[in-house]
Amino acid sequence: MKMLKIAPFAAVALLSLSACNHEPEEVDSRAPDPMAAELANAEPVAPPPSIAQSVTFRCQPGNKLVAIDYFTGDTMIAVKLDPEAPVGTTLNAAEAGEPFTGEGMTVSGSKEEVTIEQEDGETLTCKA
């Protein structure tokens, strides 16, 4: 008899639970990204080139040491006129095999011998 009195209440409780949304609610305090669609459709960006080889040269006149970092792709180098310097001067070439130019100097040659022509007129002939 008690079961009959509880049955309507149980039915009402089950009926009310069936109307609930069973998916979890996602809460985020950040505003939506206004560029999300543009970024999703953007072309992939190529990573910067990595150092392929570092070469130290002995240069004349003056018996100077010069360090050159060659980057992948053979169109970019970093020249350090002071080998202890943390960062060198970045020079670029239009295509692989052409002279590297930029910031007051031009570097031509191979990874065994290079010629560095500086803006002040000094030319260094260097061998690895």
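**Figure 1. The salt bridge between R30 and D28.** A salt bridge is a side-chain nitrogen of Lys or Arg within 4 Å of a carboxyl oxygen of Asp or Glu. In this predicted model, the side chains of R30 and D28 meet in such a bridge, with a distance of 3.1 Å from N to O. R30 has a relative accessible area of 65% and is exposed. D28, at 44% relative accessibility, is partly exposed. A search of the whole structure finds four salt bridges, and the view shows one of them. Side chains of opposite charge can pair when their charged atoms come close.

**Figure 2. The salt bridge between K64 and E122.** The closest N and O atoms of K64 and E122 are 3.1 Å apart. This pair links distant parts of the chain, since 58 residues separate K64 from E122. K64 belongs to strand β2, which covers residues 64-71, while E122 sits in the loop between β7 (113-118) and β8 (123-127). Are the two residues buried, partly exposed or exposed? K64 is partly exposed, with 35% relative accessibility. E122 is also partly exposed, with a relative accessible area of 27%.

**Figure 3. The salt bridge between K80 and D69.** Here the N to O distance between the side chains is 3.6 Å. K80 is in strand β3 (residues 76-80) and D69 is in strand β2, and the pair, 11 residues apart, links distant parts of the chain. Both K80 and D69 are buried. K80 counts as buried because its relative accessible area is 15%, and the cut-off for buried is under 20%. Apart from its neighbours within four places in sequence, K80 is in contact with V66, A67, D69, A85, P86, V87 and G88. One of these contacts, A67, is also the bridge partner of K80 in the pairing of strands.

**Figure 4. The disulfide between C59 and C126.** The structure holds one disulfide. The sulfur atoms of C59 and C126 are 2.0 Å apart. The torsion about their S-S bond is about 110°, so the disulfide is right-handed.

**Figure 5. Strand β2 and its pairing with β1 and β3.** Strand β2 is mostly covered, with six of its eight residues buried. How many bridges join β2 to β1? The two strands pair in the antiparallel sense over eight bridges. Within this pairing, Y70 in β2 stands opposite Q53. The hairpin of β1 and β2 has three residues between the strands, and G62 takes a positive phi near 100° there. Strand β2 also pairs with β3 in the antiparallel sense, over four bridges. The hairpin of β2 and β3 has four residues between the strands, and in this hairpin G73 takes a positive phi near 95°.

**Figure 6. The charge of K111 over the ring of Y70.** K111 lies over the face of Y70, at 5.2 Å from the ring centre. Y70 is also the residue of β2 that stands opposite Q53. A pair of aromatic rings is described by the distance of the centres and the angle of the planes. With ring centres required to lie within 6.5 Å, the count of aromatic pairs comes to zero.

Definitions and conventions
Residues are numbered from 1 along each chain as its sequence is written. This is a predicted model: local features need pLDDT of at least 70, side-chain atom pairs count only at pLDDT 80 or more; totals for chains, interfaces and linings use all residues. Side-chain values use heavy atoms; hydrogens and water are left out. Rings of Phe, Tyr and Trp (its six-membered ring) pair if their centres lie within 6.5 Å; planes under 30 degrees apart count as stacked, over 60 as edge-to-face and the rest as tilted. A charge sits over a ring if NZ of Lys or CZ of Arg is within 6 Å of the ring centre and within 35 degrees of the ring normal. Buried means under 20% relative accessible area, exposed over 50%, partly exposed in between (1.4 Å probe, protein chains only). Contact means heavy atoms within 4.5 Å. A disulfide is a pair of cysteine sulfur atoms within 2.5 Å. Two strands pair if DSSP finds at least two bridges between them.
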